[in-house]
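Q: Could you take me through the features of this model, beginning with a pocket and going on to the way helices pack?

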Amino acid sequence: MASRVLTTAIMVATATQVGSRPTSDSPLRYAALSQLWDAGWYHKVALHGYPSVLPHNASGAVVANTWAFLPGYPFLVRALMATTGLSWNFASVAVSVAFSLAFVLVFDRLMHLVLPSNTARFAVVLLCVSPLSPILQVAYAESMNLFFVALALYLLLRRRYGWLIPALAIMSLTRPGEIAFALTLAAHVALRWRNRRRDPWLPGQRPLSIVATLLATGFGLLWPAIAWIATGSLSAYTATELAWRARDLGATSLLPFAPWIESANFFFAPPWGLLLLALTIGGAIAAFFSRPVRRLGTDLRLWIASYALYVLAVFFPQTSTLRILTPMFPLFGALAQPRSRIYRITIVTVFVAAQALWLIGSWWTWWGSDLVTP
């Protein structure tokens, strides 16, 4: 709770320092701050649902629309509004904050499964003050999604495969990325099969783990299938996602692993972009095999690797890149392992300062783009 108060103060202070909206004479207040960026899209989903006919521009290409935003969070907020009479602004933040609290509690339990108690608690501190922690208390689906990711990881480590299935079902309707968890499960099952003599299956575990893997794959395809059925267009979801990329690159296709190369060449003059991309991937691989990350255990490392592979395959890096990487939150457990007091004070200080820097950069990014209103 203290971290949310601190982050709220940082949000208000940075917005005041940056200035007011171009269309307003007063600095942004918190009620407005919580509704920036893509929050307007979630509001549109809550009010109007999804179009049965995809919108197109003059050239016939699909343009940005609500099919890119999954229904779990906005429909839950709408249900809360209907039962309590709360406004969208209040209900959306209330749901986000509630899920952020639940996420932190589950993350604490998850870290205690793989790390000593003191280290696990400091990992929670780092999570709460992390540079992108403001996203946990605005009208975004991130806190809801991160809660279900953390819950699914906890159930996976405890090998509660039956309970894992409903968690994955709900998770698939909050944010994209379910396919990454299906890959994690497939690798987990394969490793358990290889090590079955040293780590025997308990009765019922093997069939349940296989069913959970198959269902996770199906859940990952559920939302694109719903969009297809509702609009009659097989590519409704992917075409909608590509509409955001088209703003920068023009018409493009969904070719796995191409987006990062396209982004490198778009933002940097060749060959510097590709060189930076190679160094980034090389650094990430080295970090993955470092001792602090290896101490997180096999299953959490499988998730980190699977999600990283998913992001590399489908995501076009831009201003949302750091937010997209938030499901890799088990890495806070690696950052928490040094026991030096100087290190711990320094990293917390840097994280808090980075919140302000990220928010200031986000305000400017938002000013330069269109705000979506219902």
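A: The model is a predicted one. Before the pocket is discussed, a term is needed: a pocket is an open set of grid points with protein on both sides within 12 Å along at least five of seven lines, and its lining residues have an atom within 4 Å of a point.

Q: With that term in hand, how many residues line the second largest pocket, and which of them lie nearest its centre?

A: The lining of the second largest pocket is made of 45 residues, and those nearest the centre are Ala284, Leu322, Leu325, Met328 and Leu331. The space in this pocket comes to about 1,400 Å³.

Q: Which helices supply at least two residues each to the lining of the second largest pocket, and which supplies the largest share?

A: At least two lining residues come from each of H13 (258-267), H14 (272-288), H16 (298-314), H17 (321-324), H18 (332-335) and H19 (341-367). The largest share belongs to H14, which contributes nine residues. By class, the lining has 37 nonpolar residues and eight polar ones, with no charged residue.

Q: How should I read the packing of two of these contributors, H13 and H14, and at what angle do their axes cross?

A: Two packed helices are described by the angle between their axes together with the distance between the axes. In this model the axes of H13 and H14 come within 7 Å and cross at roughly 130°, and the two helices are therefore oblique to each other. The crossing in which H13 passes H14 is right-handed. On the H13 side the contact involves Trp260, Ile261, Ala264 and Asn265, which meet Gly273, Leu274 and Leu277 of H14; these residues divide into five nonpolar and two polar, with no charged residue.

Q: What kind of peptide bond joins Pro270 and Pro271, and where is Pro271 found?

A: The bond between Pro270 and Pro271 is a cis peptide bond, with omega at about 0°. Pro271 sits in the loop between H13 and H14.

Q: Turning to another loop, what is the phi value of Arg159, and where is Arg159 found?

A: Arg159 has a phi near 60°, which is a positive value in a residue other than glycine. This residue is found in the loop between H7 (142-158) and H8 (161-171).

Q: How do H7 and H8 lie, roughly parallel or roughly antiparallel?

A: The axes of H7 and H8 come within 9 Å and cross at roughly 165°. Angles over 145 degrees count as roughly antiparallel, and H7 and H8 are therefore roughly antiparallel to each other. Their crossing is left-handed. Residues of H7 in the contact, among them Phe148, Ala152 and Leu155, meet residues of H8 including Trp163, Leu164 and Leu168, and by class the contact of H7 with H8 has 14 nonpolar residues, one polar residue and no charged residue.

Q: Within what distance do the axes of H10 and H11 come, and at what angle do they cross?

A: The axes of H10 (residues 205-220) and H11 (residues 222-231) come within 4 Å and cross at roughly 40°, which makes H10 oblique to H11. Gly218, Phe219 and Gly220 in H10 meet Leu222, Trp223 and Pro224 in H11, and this contact has four nonpolar and two polar residues, with none charged.

Terms used: Residues numbered from 1 in each chain as written. Predicted model: local features only at pLDDT ≥ 70, side-chain atom pairs only at ≥ 80, totals over all residues. Heavy atoms only, no water. 1 Å grid on protein atoms, 1.4 Å probe; cavity = no way out; pocket = protein on both sides within 12 Å on 5 of 7 lines; lining within 4 Å. Points joined across faces, edges and corners; volume = space filled by probe spheres on them. Nonpolar A, V, L, I, M, F, W, Y, C, P; charged D, E, K, R; others polar. Axes fitted to C-alpha atoms, helices over the stretch in contact; angles between N-to-C directions. Parallel < 35°, antiparallel > 145°, perpendicular 65-115°, else oblique. Contact = heavy atoms within 4.5 Å. Left-handed = near helix turned anticlockwise from the far one by under 90°.
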